[in-house]
Amino acid sequence: VQPDAARLTGGPLVVPKDGAAIVQRISPGPAVVRGLEFSVPRDQAIQLGRAWLRITWDDRSQPSILAPVALFFGAGTLYNRDDREYLVKAFPIHVRFQAGRVLLGCYFPMPFFRSANIELVGNGETEISDVRWSLCHEPYTDSPNHAAYFHATHHDFPTPEPGHDMVA
């Protein structure tokens, strides 16, 4: 592999009921994540949707991405009541049901400068087995002034107060 070539990694993992499974740690940067994909057996789709995706760029004190998997990939849930092929079909993100598995893909460019730590955090309900993942990243060669960190966070408001802003 040439030093400036894109790198594709992947594999299986188990997401514990409580705690996190490390998907990938990437260093050194600067680099840009070009594709992040997950798949899970269809009968575990809802559990994966309730797990959280946590990504921390450059060893920052707080993650830049911290959201339930289903919401990060553009769906409120990974429940497929109509047996559709796609729950989300958009560029640069999709949720697709195929051959007994649900496939989730995100192709937003996500640059970082020193390191990236990508994790799936358990949903507190059940272990999620047979999660498969793939990640494509390549060196970032543009000026740091031309890029920004990708952020996606979620805060639940189970009982919002009428007339008040929902501020996390």
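In this predicted model, R101 counts as buried, because its relative accessibility is 10% and the limit for that label is under 20%. R101 sits in strand 8, which covers residues 101–106. Its side chain makes a polar contact with the side chain of S39, at 3.0 Å. Setting aside neighbours within four places in sequence, R101 is in contact with S39, V40, P41, R42, R96, D130 and R132.

**Aromatic pairs**

Now let us turn to the rings. A pair of aromatic rings is described by how far apart the centres are and by the angle of the planes. The model has 7 aromatic pairs. One of them joins F38 and F73: the ring centres are 6.3 Å apart and the planes stand at 90 degrees, so this pair is edge-to-face. F38 belongs to strand 3 (residues 31–41), while F73 lies in the loop between helix 2 (69–72) and strand 6 (86–90), so the pair ties together parts that are 35 residues apart in sequence.

F113 and Y149 form another edge-to-face pair, with 5.9 Å from centre to centre and 75 degrees between the planes. This pair also links distant parts of the chain, 36 residues apart: F113 is in the loop between strand 9 (110–112) and strand 10 (116–121), and Y149 is in the loop between strand 11 (128–139) and strand 12 (152–153).

Which residues form one aromatic cluster? They are F38, F72, F73, F108 and F150.

**A glycine that meets F113**

F113 comes up again when we look at G29. G29 lies in the loop between strand 2 (20–26) and strand 3, and it is partly exposed, with a relative accessible area of 22%. Not counting residues up to four places away in sequence, G29 touches F112, F113 and R114. How far apart are G29 and P111 in sequence and in space? They are 82 residues apart along the sequence, and 8.9 Å apart in space from C-alpha to C-alpha.

Note on methods:
Residues are numbered from 1 along each chain as its sequence is written. This is a predicted model: local features need pLDDT of at least 70, side-chain atom pairs count only at pLDDT 80 or more; totals for chains, interfaces and linings use all residues. Side-chain values use heavy atoms; hydrogens and water are left out. Rings of Phe, Tyr and Trp (its six-membered ring) pair if their centres lie within 6.5 Å; planes under 30 degrees apart count as stacked, over 60 as edge-to-face and the rest as tilted. Helices (H or I, at least four residues) and strands (E, at least two) are DSSP runs, numbered from the N terminus. Buried means under 20% relative accessible area, exposed over 50%, partly exposed in between (1.4 Å probe, protein chains only). A polar contact is a pair of N or O atoms within 3.5 Å; within protein, one must be able to donate a hydrogen and the other to accept it, and residues adjacent in sequence count only if both atoms are side-chain atoms. Contact means heavy atoms within 4.5 Å.
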